[in-house]
Amino acid sequence: MYRYAIKMLFGDSAKFYGILLGLGFASLLIAQQASIFVGLMSRTFAFVGGVGHIDLWVFDPTQSFVDEPKPLRATALDRVRGVTGVAWAAPIYKGLLVATLPDGRRQVCNVIGIDDDTLAGGPAVIVAGSLSDLRQPDAVMVQVESSQQNMLFPAELAVGAMPAPGQVLDPSLPKRPVQIGDIVELNEHRARVVGLVKCAETFSPGPTVYTVYSRAITYAPPSRRMMSAVLVSAAEGVNPDALAQRIRDETGLESMNPWDYSMRTLGYWMRETGIPINFGIAIALGFFVGVAIAGQMFYNFTLDNLRYFGAFKAMGASSRTLLGMVALQALVAGVLGLGLGLGAVSAFGLNAAGGKLAFKMLWQIPLIAAGAVLIICIFASVVSMWKVLRLDPADVFKGA
Amino acid sequence: MNNTIEPTPSPTTRVAIRLRAVEKTFGKGESAVRALRGVDLEVPIGELTMLVGPSGCGKTTLISILAGLLSRDRGELSVFGQDLGALRRDQLSAWRRENVGFIFQQFNLVPQLTVAENVSVPLVLKGESVSAAVKKAGELLATLGLEGRSKSAPLKLSGGQQQRVAIARALIHEPRLLVCDEPTSALDAELGRRVMTLIRDRSHQRDRAVVVVTHDDRIFHLADTIAHMDDGLIIRSERPTRTTVAGHGPLH
């Protein structure tokens, strides 16, 4: 009879597609919103993860998240270097500065200053140029994806050229992407592009610009505290967590491994902003839309077939058989609806990959969507099963 | 619990169904409706018995009880020697699977299934494989003049063809008791006569019985016994004669 149950489900195409769309839409909304949420939240600590080959971050103990500007004194670097078990320690600067483009447009940039000597904390992928080029005068490297959207140069301007004194370039003229050799002003300091890099999208707006630490702090407004954090590599055989504790004890600064620092940042955004609630509402809406549409459609489907279930019952079908038929119909609709929804989310994710849209579908998200669809199906089928269980086989003689 | 039913004892008499003082009441208190008020009825083996009477007289309740779809409140009921009141619900389902074929007024053919699949349902419920059941259904449909229609959708058939499909579904598992509810109400006179002839031929087979609820006086002459019901009672049971059939009067 289970084969016939499936035929009954597929045969009523209007309701079947309605159920499928309801479940598909629910799983789409749940998985898509969850993926965007995860993608967005991942960006809050993407910078931490993007700095490779280090064991510990050392930062101000009151700093809640990586982008919070609570810089350290320059002496912090030497104090950290003095802790036993530190193989090396390097300063890093991170701040938002304004770049002025040749046509006068201004663009906020996320400027990263990495250690002059070791170049530790550099970008993950260098598209053009060499990291050591940062040691050249006024050298900067810019993030290729974001700069191609936000750091565009007038097409008529030759690479490396600047407008003549008094020359005004029309900002509406055609543009070209930034290239090696282009000149920009960073907080009214000359900066020359020597390379293009790829790095993780972060929560900070605008393109990311890398330079060396000593130059970054000349670009930044002067202050006694310029160092955003200290990057630490533990000596061979030294446990990083034990080293972190020792740094905390000896310097009074906070020290964490990259994972803990990321979670500290994430925790701040989760606690202090309405982002989780807003996405939670969207995900809940997806769930309730699924319950409302698919549940109602499935219930109506069962109601439409009630006379046939009644006939089967009269002919000797047991309640277990009938309930199995309803459950199977719900399960098949659920699996197909889930597949439809997740397929659409995956297509959405592929389309969004590399773009501005934050999207990250962890393996847990399809499972969560599947769980939600399962609950919707159970809800829909239990209501329908109740109707079938209460069905009086004698009703088939009433001509209903 | 064991769902199997002890083999039905071989009837020692020629009676397929025996009801004694069967009562059935729906509801409670002032809104209670006494649908059956002490029905006595015997349906002989190998005969076609028609239940006739005005709407609301208890015909549907009576066939529901004797087909094992509804429990009685009081009285005795045995069908082919089996006391249906002694069976649990799951045993009753199993008993119906084995022993009863139904022809419904509205046919109740599942539109999403093919004609043969609809006919195969009782066999599939008995545990036969779908392919074997559908094959048998096709063969039976051919004997009912529906060859080549096995894979059709039921709704693409005429009313008469649909009724023949419903008959095939009722007969495919060779039940001992065939229960028919207004089997000719949707058919014209000629089709109704042909359908009833099929059903009557079935009733005359050995160890079988047919109970038909009908208002259709055109088919009364095909009955072996006509049981007249009114107000929850069998008021008269008779063998139809040319006079009673032609005059219609005594039947209403």
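This is a predicted model: local features need pLDDT of at least 70, side-chain atom pairs count only at pLDDT 80 or more; totals for chains, interfaces and linings use all residues.
Biologist: How do I look at one pair of strands, say S9 and S10 of chain B?

Modeller: Ask for the direction and the number of bridges. S9 (residues 225-230) and S10 of chain B run antiparallel, and five bridges join them. For one example, find B:His228, whose bridge partner in S10(B) is B:Arg236.

Biologist: There is also a sheet of four strands in chain B. What is the pairing there?

Modeller: The pairing is antiparallel, in an open sheet with the order S2-S1-S4-S5. The edge strands are S2 (33-44) and S5 (82-83) of chain B. Further in, S1 (residues 15-26) and S4 (residues 74-79) of chain B pair over five bridges. Look for B:Leu19, which stands opposite B:Leu77 in S4(B).

Biologist: Now the place where the chains meet. How many residues of each chain are in contact?

Modeller: You can describe an interface by its residues, its area and its contacts. In this model, 29 residues of chain B are in contact with 25 residues of chain A. Between them the two chains bury about 2500 Å², with 65% of that on carbon and sulfur atoms. On the side of chain B, the residues that lose the most area to chain A are B:Asn108, B:Gln112 and B:Leu125, together 23% of what that side buries.

Biologist: Which residues form the salt bridge across the interface?

Modeller: The rule finds one salt bridge between chain B and chain A. A:Lys7 forms a salt bridge with B:Glu117, and their closest N and O atoms are 2.8 Å apart. Of the elements on the side of chain B that touches chain A, H3(B) gives the most, with six residues.

Biologist: Let's zoom in on single residues. Is B:Ser64 buried or exposed?

Modeller: Compare the relative accessible area with the cut-off. B:Ser64 counts as buried because its relative accessible area is 1%, and buried means under 20%. B:Ser64 sits in helix H1 of chain B. A polar atom of the B:Ser64 side chain lies 2.8 Å from the backbone oxygen of B:Thr60. Beyond its neighbours within four places in sequence, B:Ser64 is in contact with residues including A:Ala394 and A:Phe397.

Biologist: And where is A:Met361 found?

Modeller: A:Met361 is in the loop between helices H11 (319-352) and H12 (364-389) of chain A. With 30% relative accessibility, A:Met361 counts as partly exposed. Leaving out residues up to four places away in sequence, A:Met361 touches A:Ser35, A:Val345, A:Ser346 and A:Pro366. You can also read distance in two ways: A:Met361 and A:Val86 are 275 residues apart in sequence and 37 Å apart in space, C-alpha to C-alpha.

Definitions and conventions:
Residues are numbered from 1 along each chain as its sequence is written. Chains are lettered from A and ligands numbered from 1 in the order in which they are written. Side-chain values use heavy atoms; hydrogens and water are left out. Helices (H or I, at least four residues) and strands (E, at least two) are DSSP runs, numbered from the N terminus. Buried means under 20% relative accessible area, exposed over 50%, partly exposed in between (1.4 Å probe, protein chains only). Contact means heavy atoms within 4.5 Å. Two strands pair if DSSP finds at least two bridges between them. Buried area is the accessible area (1.4 Å probe) that two parts lose on being put together, summed over both. A salt bridge is a side-chain nitrogen of Lys or Arg within 4 Å of a carboxyl oxygen of Asp or Glu. A polar contact is a pair of N or O atoms within 3.5 Å; within protein, one must be able to donate a hydrogen and the other to accept it, and residues adjacent in sequence count only if both atoms are side-chain atoms.
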